[in-house]
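Colleague: I'm new to this one. Can you walk me through it?
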Number of protein chains: 2
Amino acid sequence: MKIAVQKYGGSSVATTEKIKKVAEKVIKKKEEGYKVVVIVSAMGKSTDGLIALASQITDKPDPREMDMLLTTGEQTTISLLSMALISKGHRAVSFTGSQLNIQTTSIHQKARIKDIETTKLLKILEEDTIAVVAGFQGVTEDNEYTTLGRGGSDTSAVALAAKLGGKCEIYTDVEGIYTMDPRKLKKAKKIGKITYEEMMEMASLGAGVMHFRAVELAHKYNIPIYVASTFSEKKGTIITNGGDISMEETLVTGMASSLEDIQVTLLNIPSAISSLHRLFGALAEAEVNVDMISQMLTEDGKMNVSFTIPKTDLHIAEEIVDEWKREDNHVQWEVNTDIAKISVVGLGMRSHSGVAAKVFKIMAQHGIEIKMVTTSEIKITWVVDVRDELKTIEVIGSEFGLEMA
Amino acid sequence: MKIAVQKYGGSSVATTEKIKKVAEKVIKKKEEGYKVVVIVSAMGKSTDGLIALASQITDKPDPREMDMLLTTGEQTTISLLSMALISKGHRAVSFTGSQLNIQTTSIHQKARIKDIETTKLLKILEEDTIAVVAGFQGVTEDNEYTTLGRGGSDTSAVALAAKLGGKCEIYTDVEGIYTMDPRKLKKAKKIGKITYEEMMEMASLGAGVMHFRAVELAHKYNIPIYVASTFSEKKGTIITNGGDISMEETLVTGMASSLEDIQVTLLNIPSAISSLHRLFGALAEAEVNVDMISQMLTEDGKMNVSFTIPKTDLHIAEEIVDEWKREDNHVQWEVNTDIAKISVVGLGMRSHSGVAAKVFKIMAQHGIEIKMVTTSEIKITWVVDVRDELKTIEVIGSEFGLEMA
């Protein structure tokens with residue numbers, strides 16, 4: 001049985017008109033000889049509407065009840081899409097996460113898929129019925145409704161494709177994965193193929209199109225993902241393993257930039273491993289996601305530490321540092337909120353040293369100050385002043401061939 | 001365990017502000033020492049909004065998918081009400097029809113409750129947690145979501161009260177059951193107590209507040225229902241068995257009037273039992289709900305038959321009669337669309353003959369023509385010209401003591 005799992009995001013099903021067009025696209029796939037499973041998100045901004053309703057009730061909605069509320073969003077879309085498919089003369093059946101028994105852990109609002117029961121699904125696919133499945137949601141052993149958190153519908157799609165042994169197609173409002181967000185680099189190129197690892201790095205940098213967890217899952221089960229535009233026939237991007245991608249070809253596959261972080265620098269803290277443990281232990285315990293870290297000893301036996309955290313976590317970091325300052329009045333801190341975090345990602349870096357050196361050279365040539373840098377196997381990340389963001393993107397994009405010819 | 005089952009209709013939970021007020025009312029009941037089960041409908045006109053969405057997709061939405069769509073309405077309300085209860089410091093858990101295993105037949109959009117699994121419910125009530133249950137919905141053996149049709153939430157409430165052995169309170173936007181719709185009889189009285197049988201007759205006449213099925217179920221299990229206003233402390237109406245109601249007191253408990261019917265008269269049809277069978281058999285098969293029937297033989301061995309049907313079924317009746325007319329050109333028909341159907345209901349009629357005679361006398365005294373009449377054990381129904389509707393209500397209301405002193 002040739003199975004295709006298609007996922008359509010919120011913007012693709014934002015109106016009933018769009019849902020009818022999605023139905024046509026689904027039917028086309030079926031007519032190509034595939035048994036089709038369609039995963040859909042909630043319509044457009046309807047999830048935001050539900051969140052707003054909850055916030056009118058209370059500042060801190062109960063997580064279980066929040067999942068009860070949010071799961072109605074996809075349930076609305078699956079019913080409407082099924083109606084559209086049926087009205088066009090095809091058999092279709094919708095399923096909530098609970099009905100399909102998409103088993104998850106029991107952590108509300110960020111549950112993780114444990115398994116999916118496919119007997120029922122395979123039976124209806126064999127009968128040539130289109131299965132329309134609510135993304136983003138699952139159910140616990142106790143029949144409690146859960147949601148998967150951000151990017152959840154992508155994860156639902158990949159998990160179903162893995163479980164059914166089908167191909168996975170993610171349809172969205174962009175035409176694929178670009179070397180860089182085209183809003184920031186006008187001439188950014190669409191990438192034909194990208195590896196899971198590169199995509200995971202891009203995703204974790206907030207490149208938007210695909211969520212990290214979904215790519216991670218696809219990687220684990222080696223499920224190729226095709227990302228393309230819902231309402232265009234243009235060729236999209238395939239996310240796959242490196243096997244058939246010539247690693248020699250490009251050093252850098254893509255670039256990302258984030259304005260979501262701040263740089264915190266602690267000065268004159270005691271130079272002992274216990275200091276680092278205390279600092280980052282406390283941040284971890286408060287669930288502050290520390291990204292870049294750089295540390296330097298000073299001449300007087302003290303230590304300076306610089307790190308980046310999400311802007312939204314500033315007040316938590318502040319509390320932790322304030323406590324420390326009360327104990328040791330040598331400790332000082334500086335916060336820089338006007339930074340851009342730039343990253344380049346590329347599997348080619350593995351076999352080519354000198355990518356970092358090339359970055360430094362380009363930045364120096366253009367007189368852009370690097371405030372902090374970290375490197376990993378396939379990624380280089382550095383911090384610049386926010387005013388240098390677009391210039392950095394331009395010169396790096398040009399020098400590493402990320403633009404259209 | 002003292003259990004109270006409260007039901008709040010759509011207008012009572014139309015906004016988040018109203019939901020918060022409902023939460024306070026629920027908490028008050030709990031603080032009176034009750035374990036509380038709350039049944040809610042979809043918020044305000046949200047079900048209409050969902051139906052409109054479906055109609056944008058197709059003229060004939062698939063019934064299964066329609067139920068999938070509509071069940072999101074109550075699911076939204078239960079989550080918001082539970083959040084409100086929790087934010088006020090009480091334990092609350094919401095349940096969809098599926099989660100609570102409200103087992104129904106599998107006829108979508110008009111399923112009937114078969115049974116309710118109460119183990120889970122009793123357990124959480126024992127823990128002093130408030131159970132918030134989606135009304136109007138259930139689930140089949142195959143975990144297919146169903147809805148109960150009009151008045152479904154009332155039925156859910158009565159069924160739960162019956163199953164749990166609790167009291168049943170229906171909160172709505174009116175203060176109780178009135179002798180007559182106060183929009184039509186300004187001085188209509190609120191009824192303190194009314195029997196199931198009277199209420200069923202009133203409900204089937206479209207008296208609005210309570211649906212027939214819910215009252216029928218309450219009657220079957222002898223569950224008293226208290227109907228009152230959500231946002232007022234005024235005493236409402238108790239629907240109960242006749243045991244503690246003095247039947248001598250009133251001949252007529254209430255009156256209803258409907259403009260939803262038309263009167264069809266067939267002239268010169270063959271005077272044979274097979275004619276009646278043919279006519280009403282065909283109407284029944286086409287699911288036309290025939291209410292009043294009156295039949296009269298003519299001098300030339302033919303028969304005239306007059307009956308009332310809902311306005312919306314006119315075209316179906318027309319098709320049936322047309323076919324007959326093609327076969328027998330003696331058959332003629334007349335349709336009167338400008339009629340009002342007036343009914344008086346009262347358990348007292350059982351033991352007091354002459355209520356019909358009194359109706360005829362009053363009508364004659366005021367010169368109002370009766371076009372058709374039928375009587376049952378506790379109800380008299382007659383048809384008048386629509387222009388005579390309000391005058392009829394006024395004189396009958398006054399003569400039978402249906403007005404406030």
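**Core, strands and the chain contact**

Modeller: Let's begin in the middle. The largest nonpolar core has 230 residues. Those with the most contacts inside it are Val38(A), Leu81(A), Val133(A), Val38(B), Leu81(B) and Val133(B). Keep in mind that this is a predicted model.

Colleague: Take Val38(B). What does Val38(B) touch, leaving out residues up to four places away in sequence?

Modeller: Its contacts are Gln6(B), Tyr8(B), Val26(B), Leu81(B), Ile130(B), Val132(B) and Val133(B).

Colleague: Now the two chains. How many residues of chain A are in contact with chain B?

Modeller: 28 residues of chain A contact 28 residues of chain B. On the chain A side, helices H1 (16-31), H2 (46-57) and H3 (63-87) each supply at least two residues. H3(A) gives the largest share, 14 residues.

Colleague: And how does that side of chain A divide into nonpolar, polar and charged?

Modeller: It has 12 nonpolar, 13 polar and 3 charged residues.

Colleague: How is chain A laid on chain B?

Modeller: By a turn of 180° and a shift of 0.0 Å along the axis, with an RMSD of 0.1 Å. The two copies are thus related as by a two-fold rotation axis.

Colleague: Which residue of chain A comes closest to that axis?

Modeller: Thr72(A), with its C-alpha at 2.6 Å.

Colleague: Why do you say the copies meet through the same surface?

Modeller: Because 100% of the interface residues of chain A are also interface residues in chain B.

Colleague: New topic. Where is Glu169(B) found?

Modeller: In strand S9 of chain B, residues 167-172.

Colleague: Is Glu169(B) buried or exposed?

Modeller: Buried, because Glu169(B) has 23 C-beta neighbours inside 10 Å, and 20 or more is the cut-off. 5 of the 6 residues of S9(B) are buried, so S9(B) is largely enclosed by the rest of the structure.

Colleague: What is Glu169(B) in contact with, beyond its neighbours within four places in sequence?

Modeller: Ala4(B), Gln6(B), Lys7(B) and Tyr226(B). As for Ser12(B), it is 157 residues from Glu169(B) along the chain, and their C-alpha atoms are separated by 13 Å.

Colleague: Which strands pair with S9(B)?

Modeller: Strand S1 (residues 3-8) of chain B runs parallel to S9(B), joined by 5 bridges. Within that pairing, Lys7(B) has Ile170(B) as its bridge partner. Strand S11 (residues 225-229) of chain B also pairs with S9(B) in the parallel sense, over 5 bridges. There, Cys168(B) stands opposite Ile225(B).

Colleague: On to helix H11 of chain B. Which of its residues are buried?

Modeller: H11(B) covers residues 389-399, and its buried residues are Glu389(B), Thr392(B), Ile393(B), Ile396(B) and Gly397(B). Their arc around the axis is only 120°, which puts them on the same side of H11(B).

Colleague: What do they pack against?

Modeller: Strands S13 (254-258), S18 (339-345) and S20 (379-385), plus helix H10 (355-365), in chain B. After H11(B) comes Gly401(B), with a positive phi near 70°.

Colleague: Which residues other than glycine have a positive phi, for example?

Modeller: Asn268(A) is one of them, with phi near 60°. Glu287(B) is another, also near 60°. Most residues other than glycine have a negative phi.

Colleague: Where are those two?

Modeller: Asn268(A) is in strand S14 (residues 261-270) of chain A. Glu287(B) lies in the loop between helix H8 (273-285) and strand S15 (293-297) of chain B.

Colleague: Buried or exposed?

Modeller: Asn268(A) is partly exposed, with 17 other C-beta atoms within 10 Å. Glu287(B) counts as exposed, with 8 C-beta neighbours inside 10 Å.

How values were computed
Residues are numbered from 1 along each chain as its sequence is written. Chains are lettered from A and ligands numbered from 1 in the order in which they are written. This is a predicted model: local features need pLDDT of at least 70, side-chain atom pairs count only at pLDDT 80 or more; totals for chains, interfaces and linings use all residues. A residue is buried if 20 or more other C-beta atoms lie within 10 Å of its own, exposed if 12 or fewer, and partly exposed in between; C-beta atoms are placed from the backbone. Helices (H or I, at least four residues) and strands (E, at least two) are DSSP runs, numbered from the N terminus. The arc is that of the directions from the helix axis to the C-beta atoms. Two residues are in contact if their C-beta atoms, placed from the backbone, lie within 7 Å. Copies are superposed by least squares on the C-alpha atoms of residues with pLDDT of at least 70 in both. A nonpolar core is a set of buried Ala, Val, Leu, Ile, Met, Phe, Trp, Tyr and Cys residues joined through C-beta atoms within 7 Å. Two strands pair if DSSP finds at least two bridges between them. Ala, Val, Leu, Ile, Met, Phe, Trp, Tyr, Cys and Pro count as nonpolar, Asp, Glu, Lys and Arg as charged, and the others, Gly among them, as polar.
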